[in-house]
Each structure stands twice: as C-alpha cells, then as structure tokens.
Amino acid sequence: MLKLFNKTTNQLISGELQPAESFLDRGIGLLKFKKIEPEYILWIKKCNSIHTFFMRFSIDCVFVDTNLVIKSLHQEVKPWRLIWPQWGATSVLEMSAGAIERWQLKKGDQLYVVS
C-alpha cells in the first residue's frame with residue numbers, strides 16, 4: 001500500500017493510498033464499498049472529472065495535476081452527483097467525507113507518494 005504526504009504542511013495524510021489504473025478498477029472505484037475507513041484513499045489516475053452515481057455514501061475529492069499539486073477540492077460530495085472536468089487536473093483522490101477538513105488540505109498544496 002502506498003502512503004500519501006502533504007509536503008506543504010509536512011504531514012502524513014494516509015498510509016492506505018490505493019491506485020486505480022486499470023479500466024476495471026477506475027470504473028468500479030468506490031462502488032464496491034458500503035463505507036470507507038478514514039485513512040483509505042482511492043487514487044484514480046488519468047481522471048479530471050467524476051460522478052458518484054450508485055454510491056452509498058458521501059466523499060471528499062481532491063483533484064491534482066501531474067506533479068500532485070492540488071488544483072481543486074470538493075467536500076461532502078453526495079451520491080448521484082457529477083463533478084465536471086477540473087482545469088489542470090490529471091487525477092483525483094477520493095476519500096472519506098470530512099478528510100479535507102481533517103487534514104486541512106488547501107488548493108496549491110504539494111502532495112507526494114511513497115511506497
């Protein structure tokens with residue numbers, strides 16, 4: 001499992017970062033869960049917009065560019081919603097609702113990943 005850090009605040013965000021790179025993993029996303037743990041983050045690569053159709057819970061979404069700089073944040077995205085393409089974003093981090101506030105993530109923060 002990968003770990004996600006916020007370089008801007010020198011903080012560990014999550015030790016449970018799961019990349020979704022295959023077509024199947026990206027398509028299923030968080031649909032297979034009834035809920036996710038606060039530390040779990042799904043990293044959907046090559047993605048700048050999402051939907052929460054068929055989901056059973058709200059999520060926070062952090063869109064990042066190729067350098068993992070935060071481009072936009074969306075809190076408490078409820079099921080059956082659509083987030084349109086985010087300018088400059090190349091991937092999205094989907095996490096439990098409240099995570100953005102809990103980790104005090106901000107637009108422009110520099111994130112990085114380690115194994």
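This briefing covers the sheet, one of its strands, and selected side-chain contacts.

The model is predicted: local features need pLDDT of at least 70, side-chain atom pairs count only at pLDDT 80 or more, and totals for chains, interfaces and linings use all residues. Residues are numbered from 1 along each chain as its sequence is written, and side-chain values use heavy atoms, with hydrogens and water left out. An open sheet of seven strands runs in the order 6-5-8-3-2-1-9. A search of the whole structure finds one salt bridge and four aromatic pairs.

**The sheet**

- The seven-strand sheet is open and its pairing is mixed.
- Strands and helices are DSSP runs numbered from the N terminus (strands: E, at least two residues; helices: H or I, at least four).
- Two strands count as paired if DSSP finds at least two bridges between them.
- Strand 6 (70-77) and strand 9 (111-114) are the edge strands, each pairing on one side only.
- From one strand to the next, the twist averages 30°. Such angles run from 0 to 180 degrees between N-to-C directions, with axes as lines fitted to C-alpha atoms, for helices over the stretch in contact.

**Strand 5 and its neighbours**

- Strand 5 (residues 59-64) runs antiparallel to strand 6, and five bridges join them.
- Valine 64 has isoleucine 70 of strand 6 as its bridge partner.
- The hairpin of strand 5 and strand 6 has five residues between the strands, and leucine 68 takes a positive phi near 65° there.
- Strand 5 also pairs with strand 8 (residues 91-96), antiparallel and over six bridges.
- Isoleucine 59 stands opposite serine 96 in strand 8.
- Strand 5 is largely enclosed by the rest of the structure, because six of its six residues are buried.
- Buried means under 20% relative accessible area, exposed means over 50%, and partly exposed lies in between (1.4 Å probe, protein chains only).
- Ile59, Cys61 and Phe63 point one way from strand 5; Asp60, Val62 and Val64 point the other way.

**Salt bridge and charges over rings**

- Glutamate 21 forms a salt bridge with lysine 45, and their closest N and O atoms are 3.7 Å apart. The term requires a side-chain nitrogen of Lys or Arg within 4 Å of a carboxyl oxygen of Asp or Glu.
- The pair links distant parts of the chain, 24 residues apart: glutamate 21 is in the loop between strand 2 (11-20) and helix 1 (23-28), and lysine 45 is in strand 3 (residues 40-45).
- Glutamate 21 is exposed, at 54% relative accessible area. Lysine 45 is partly exposed, at 24%.
- The charged end of lysine 45 also sits over the ring of tryptophan 43, 4.2 Å from its centre. This label needs NZ of Lys or CZ of Arg within 6 Å of the ring centre and within 35 degrees of the ring normal.
- Arginine 102 lies over the face of tryptophan 103, 4.9 Å from the ring centre.

**Serine 14**

- Serine 14 is in strand 2. With 0% relative accessibility, serine 14 counts as buried.
- A polar atom of the serine 14 side chain lies 2.9 Å from the backbone nitrogen of glutamate 16.
- The backbone oxygen of glutamate 39 lies 2.2 Å from a polar atom of the serine 14 side chain.

Terms used
Phe/Tyr/Trp six-rings, centres within 6.5 Å; stacked < 30°, edge-to-face > 60°. Polar contact = N/O pair within 3.5 Å; in protein donor to acceptor, adjacent residues only side chain to side chain.
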